[in-house]
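Thanks for coming. Please look at the sequence and the structure first, and then I will go through some contacts.

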Amino acid sequence: MANSTRGGHFSPPPQLLPSDSPSAKIWSVYVAEADSQDRALALQWKGDMDALLIFAGLFSASITAFLIESYKTLTPDPTVVLLNQISLQLTAIANGTQPTLLANPVPSHPSYASLLCNAFWFLSLAFSITSALAATLVDQWARNYLTTSQKHPAPQTRARIRAYLYQGLQRFGMSTVVETIPTLLHISLFLFFAGLIEFLSPINPTICNLSVGILVICTALYAIVTILPILHHHCPYQTPFTSLVWQTWQAIRYSTYFCLESHQPLTLSVARENSATMESPARDARDEEALSRTLESLSDGAELAAFIDGIPGFLADGSANSGIMRRLLLNKNINLGPHIVERLHLSPYRDPSEAVTGAISCLAAIWNIFACCWHDEILENDVEEWFDDETLPILETFAYEGPVIGHFLWSTTALVTSSLLDSYLYRAKSMEQELRRLGIELPWIPAPEPCADQLRVQRYLLHDSPDVSSGCIMAFKTWLSLLRRDFTTIKAELSNQLSDPPPTDKLLQSLWSFQALLNEAQITVYNDFLTKSLSDFPPYEPLNTFYHLVFDHDLALPVSSYNQSRLVDFLSRHEDIPLLAMDQLLHSAAILHDQALISEAKDIIGDYLTLHPNSNSASKALMLLAGQISESRPSVLHIF
């Protein structure tokens, strides 16, 4: 027998302790969360009831002092009766008549004002004492609820007891009872003021009228405070009658014949939450202000690290967050971008257990910022203002062992470089459009004598191994500053409508060369990144980066034979490229204008279309190349 031992003695199976139940871990999570909520709720109730008890005690004592004087007016004063009797006897003696005793020498009924005054004050005292008693009971009920729901050690039993008791709180409206108690005290206060008016009216009309005026003003303010949260849900003021007015208004609104809404009336707290979380420009402004204050107050590196770690999720949570992040990056009081780069630069010097995660967190933040926040159609974008000039050099010189960081690093570097080039091209296009509005057409020819900044850019790009590094970006930036200076000068002279317009050929030719070299740099970044990706294609980051490296190629601009041949080489390796990445690569076939390379690309795409007959991108690329003719596009240098 399984339950017997040697010697014939019965040995019962070991019993599990209540806390050893298989479901204990699940219920422990519930118990931890429920205990936190219950303690917060009980603490809130206790605080409210303690304050109410203090006020009710003081207020009841004040009412009692007034009642000691006012209740005497409800019955005849014996002294007054005696004096009245003596007066009658003296009058009779003076008249020589026999004094008579009146059965009821004074009126037996108190005045109307006395009745109202005492009625209001006794009711006020009753409501005040009732609210104090209710507050005491609520305090006791809250302690009893906590004690009963937390005394059992087994998580599953404790959880079920708590759920049962919490269901009782909801079913019997405990929250409504707690909210009603202050209402009783407020009613008591209003009754006291009403009795005060009746008390003063027969004594002194002037003081009574003054008190009435003050009370009317206070009542109006009370009414405004009651209604204000209904009109403006973020208003912090409210009274115990606010919920009652809200529920009444909701009931009237949803029961009216003309009301077309079919959903149930909302509570004021739910309406407030909806107003706070509903998508709107006001919510975005609040989010930006809250995050700005948070970043300004961060003093601990760990807190900043947690914020940086949350940037990718924040940007993935909605397009509105991209605008908020752009404005945060432009806030010079925060310097968020430089702080991220600084943490990345210092990450190798931190604890080894935190160095890798810290570096990846910073790189992911930078990558997501450029992937989600840069759009050339948004005027407020100024990529150069997001990060300082040290960003690209730090990314290029950052070294840390491990392939995971390497993938994040060159993905981030490529995306930052491409975004900066897009930003420069956008500004050049803006200058071109402004010149067209002024009636000046851009001559699509290179400058006969390039400036020093153009020559500096060409040294990076126009050789067999073009290099779009931080040095090249800085050369473009310096050249762009020179173009903007000349453009501003010429625009001002043209706006003055001078009889002798300024010469514009040099600026226009330099602007054309600037766009042509930017186009070449963009294609170089595109091809360089694809080369790295094909050599070691991880599953996510490089692919995602490749999808973001989209450039707006102008067919009138030249492309070097070197980059054209690299693109054809990539097309020939279509078996190594994922289909989605291949679709994007096929769209880039528009840059080809060399006849030999066009013919080779057509053959490659034809073979690809045989393997993937449903590829729309391949069909469109083949049609484009079929109509493409060899053309001689003006070049910055013959090396193109």
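**Cores and helix pairs**

L585 touches Y526, L530, L567, F570, L571 and I577, leaving aside residues up to four places away in sequence; contact here means heavy atoms within 4.5 Å. This is a predicted model, where local features need pLDDT of at least 70 and side-chain atom pairs count only at pLDDT 80 or more, while totals for chains, interfaces and linings use all residues. Numbering starts from 1 along each chain as its sequence is written, and side-chain values use heavy atoms, with hydrogens and water left out.

L585 is also one of the residues touching the most other members in the largest nonpolar core, which has 101 residues. A nonpolar core is a set of buried (under 20% relative accessible area, 1.4 Å probe, protein chains only) Ala, Val, Leu, Ile, Met, Phe, Trp, Tyr and Cys residues joined through side-chain atoms within 4.5 Å. Helix α17, residues 403-437, gives the most to this core, with 14 residues. Helices here are DSSP runs of H or I, at least four residues, numbered from the N terminus. Apart from that core lies another, of 28 residues, including I181 and C208.

Now a helix pair. How do α5 and α7 cross? The axes of α5 (residues 174-200) and α7 (residues 240-255) come within 8 Å and cross at roughly 110°. Axes are lines fitted to C-alpha atoms over the stretch in contact, with angles from 0 to 180 degrees between N-to-C directions. The two helices, α5 and α7, are therefore roughly perpendicular to each other (65 to 115 degrees). On the α5 side, the contact includes E179 and H186; on the α7 side, F241 is among the residues.

Technical notes:
Buried means under 20% relative accessible area, exposed over 50%, partly exposed in between (1.4 Å probe, protein chains only). Angles under 35 degrees count as roughly parallel, over 145 as roughly antiparallel, 65 to 115 as roughly perpendicular and the rest as oblique.
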